[in-house]
Amino acid sequence: MQKTQIPTPETQTLQPDQTFIITGPTTLSGHVSISGSKNSSLPLLAATLLCKNSCLLHNVPIKLTDIKAMVSILRSLGAEVKINVQNNDILVNSDCVGSVQPCSEELKKTRGGFFVIGPLLGRFGKAVVALPGGCDIGERPVDLYVRGLRALGAVDGKVLAHAANGRGLVGGSFHLDFPSVGATETLMMAASMADGDTLLSNVAKVCISGCNFFIFTF
């Protein structure tokens with residue numbers, strides 16, 4: 001009886017623009033550790049500004065430039081941030097936050113830095129936040145953020161926003177022109193400490209654990 005020859009998987013050097021090809025038959029097996037989501041980590045880091053107690057975030061992709069910039073932004077506001085490199089954990093204590101003006105140079109490094117405007121307005125009634133940078137996929141204006149914050153009683157300039165009543169934000173209603181994830185997250189954080197109920201409509205379908213005080217209309 002003739003023995004069947006099983007082809008050996010071929011290995012070839014690939015250029016960045018080539019397709020990755022596996023020639024079988026062969027078995028693929030192994031374990032892959034999935035890193036945490038940058039797009040989830042950035043608003044969660046900003047949301048720690050709303051808390052007077054320490055917040056511990058697990059599985060944060062701490063080596064990413066955007067995450068490093070956000071950590072620097074929090075520290076520039078006075079937050080104490082400790083990073084566990086081995087476990088990819090970040091511990092944030094915002095008890096000592098006293099500034100409402102984050103470092104402009106760090107804000108230029110990541111678009112996600114603009115998330116802090118919502119928590120700062122919600123907690124202190126004032127924020128001085130530079131326009132965001134760090135976006136390489138084209139123009140993404142923040143007018144929805146600003147107009148939504150106006151609906152909660154904020155008065156804004158290019159980098160300055162404060163509660164119109166001089167105390168804090170108040171509940172209001174706002175309809176987004178389109179379901180922007182970033183604008184929805186920012187307005188949710190700001191409204192979480194506003195006085196009264198807030199109704200946001202045409203929002204992105206974003207779920208943040210513990211935000212059961214919102215009325216959503218899709």
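This is a predicted model: local features need pLDDT of at least 70, side-chain atom pairs count only at pLDDT 80 or more; totals for chains, interfaces and linings use all residues.
Residues are numbered from 1 along each chain as its sequence is written, and side-chain values use heavy atoms, with hydrogens and water left out.

**The whole chain**

Of the 218 residues in the protein chain, 40% are buried; buried means under 20% relative accessible area, exposed means over 50%, and partly exposed lies in between, with a 1.4 Å probe and protein chains only. Among contacts in the protein chain with a separation of 6 or more, 61% are between residues 24 or more positions apart, a contact being heavy atoms within 4.5 Å.

**Helix α4**

Next select residues 117-124, which make up helix α4, where 7 of the 8 residues are buried. The buried ones are Ile117, Gly118, Pro119, Leu120, Leu121, Gly122 and Arg123.

**Helices α1 and α2**

Now show α1 (residues 38-47) together with α2 (residues 65-76), whose axes come within 10 Å and cross at roughly 0 degrees; axes are lines fitted to C-alpha atoms, for helices over the stretch in contact, and angles run from 0 to 180 degrees between N-to-C directions. The two helices α1 and α2 are therefore roughly parallel to each other, a description used for angles under 35 degrees, whereas over 145 counts as roughly antiparallel, 65 to 115 as roughly perpendicular and the rest as oblique. With side chains displayed, Lys38, Ser41, Leu42, Leu45 and Ala46 of α1 can be seen to meet Asp66, Ile67, Met70 and Leu74 of α2. The residues of this contact divide into 6 nonpolar, 1 polar and 2 charged, with Ala, Val, Leu, Ile, Met, Phe, Trp, Tyr, Cys and Pro counted as nonpolar, Asp, Glu, Lys and Arg as charged, and the others, Gly among them, as polar.

While α2 is on screen, pick Ser72, which is found in this helix and is partly exposed, with a relative accessible area of 27%. Leu107 is 35 residues away from Ser72 in sequence, and their C-alpha atoms are 9.2 Å apart in space.

**The sheet**

Move on to the open sheet of 3 strands, which has the order β1-β3-β2 with antiparallel pairing; two strands pair if DSSP finds at least two bridges between them. β1 (55-57) and β2 (80-84) stand at the edges, each with a single partner strand, so one side of each has no neighbour in the sheet. Neighbouring strands are turned by 15 degrees against each other on average, direction ignored.

Zoom in on β3: 5 bridges join it to β2 and 3 bridges join it to β1. Ile83 has Ile90 as its bridge partner in β3, Lys82 stands opposite Leu91, and Cys55 is partnered by Val92. Because 4 of the 5 residues of β3 are buried, this strand is largely enclosed by the rest of the structure.

**Two asparagines in loops**

Select Asn88, in the turn of the hairpin that β2 and β3 form with 4 residues between them; its phi is positive, near 60 degrees, and at 27% relative accessibility Asn88 counts as partly exposed. Then select Asn59, in the loop between β1 and α2, which has a positive phi of about 55 degrees although it is not a glycine, and which is partly exposed, with a relative accessible area of 38%.

**The nonpolar core**

Finally, display the largest nonpolar core, which has 35 residues, those with the most contacts inside it being Leu45, Ile90, Val116 and Val129; such a core is a set of buried Ala, Val, Leu, Ile, Met, Phe, Trp, Tyr and Cys residues joined through side-chain atoms within 4.5 Å. α1, α2, β3 (89-93), α4 and α6 (181-191) each supply at least two residues of this core, and α2 gives the most, with 5 residues.
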